[in-house]
Amino acid sequence: MNLRPHHALCIQKFTGHGYDMDFTRHMTGVVSALRNNPDTPVCLVSGPDELCSHCPNCREGRCSTQEKVEIMDARAAALCGVKPGDRLTWAELSGAARERIFAAQGFEQVCSACQWFDLCRNTKI
Ligand code: SF4
Ligand code: SF4
């Protein structure tokens, strides 16, 4: 599964809210699949990924908030010690995000500009 680095956080903080019904339904399925199969292979990408594929903000291969998500991706990747092109399992990626971002006070550094920040800040994982 292709994932942008910062989506390692979004997937773990997901509580059923999304941009529209199609996005939310699809993300619900992705979150469930990864929870049930933590050994799922993941490839980190710098562009549109599995979640973007059903997002109304993805137009012609670009996110409508491209600059913002590139910063979030870069910060999440740096903190997790990964880069686009890396291949690992969901267990490894989600574990790195928990240990190096959520447990290390990195969440605000990555996510403070996101519209979902308050919701995710109050969501326990
Ligand atoms: S605040 Fe935004 S970027 Fe961060 S985990 Fe939540 S939805 Fe994802
Ligand atoms: S298109 Fe943008 S807002 Fe939509 S899931 Fe992808 S990165 Fe997030």
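View 1. The shell around ligand 1 consists of nine nonpolar residues, one polar residue and no charged residue; Ala, Val, Leu, Ile, Met, Phe, Trp, Tyr, Cys and Pro count as nonpolar, Asp, Glu, Lys and Arg as charged, and the others, Gly among them, as polar. This is a predicted model, in which local features need pLDDT of at least 70 and side-chain atom pairs count only at pLDDT 80 or more, while totals for chains, interfaces and linings use all residues. Residues are numbered from 1 along each chain as its sequence is written, chains are lettered from A and ligands numbered from 1 in the order in which they are written, and side-chain values use heavy atoms, without hydrogens and water. Around ligand 1 are His6, Leu9, Cys10, Met72, Phe107, Cys111, Cys114, Trp116, Phe117 and Cys120 (a heavy atom within 4 Å). Helix H1 (7–13), helix H5 (107–111) and helix H6 (117–121) each give two or more residues to this shell (helices are DSSP runs of H or I, at least four residues, numbered from the N terminus).

**View 2. Contact of helices H3 and H4.** The axes of H3 (residues 66–80) and H4 (residues 90–102) come within 9 Å and cross at roughly 95° (lines fitted to C-alpha atoms over the stretch in contact, with angles from 0 to 180 degrees between N-to-C directions). H3 and H4 are therefore roughly perpendicular (65 to 115 degrees). Ala76, Leu79 and Cys80 of H3 meet Ala96, Ala97, Arg100 and Ile101 of H4 (contact: heavy atoms within 4.5 Å).

Terms used: Angles under 35 degrees count as roughly parallel, over 145 as roughly antiparallel, 65 to 115 as roughly perpendicular and the rest as oblique.
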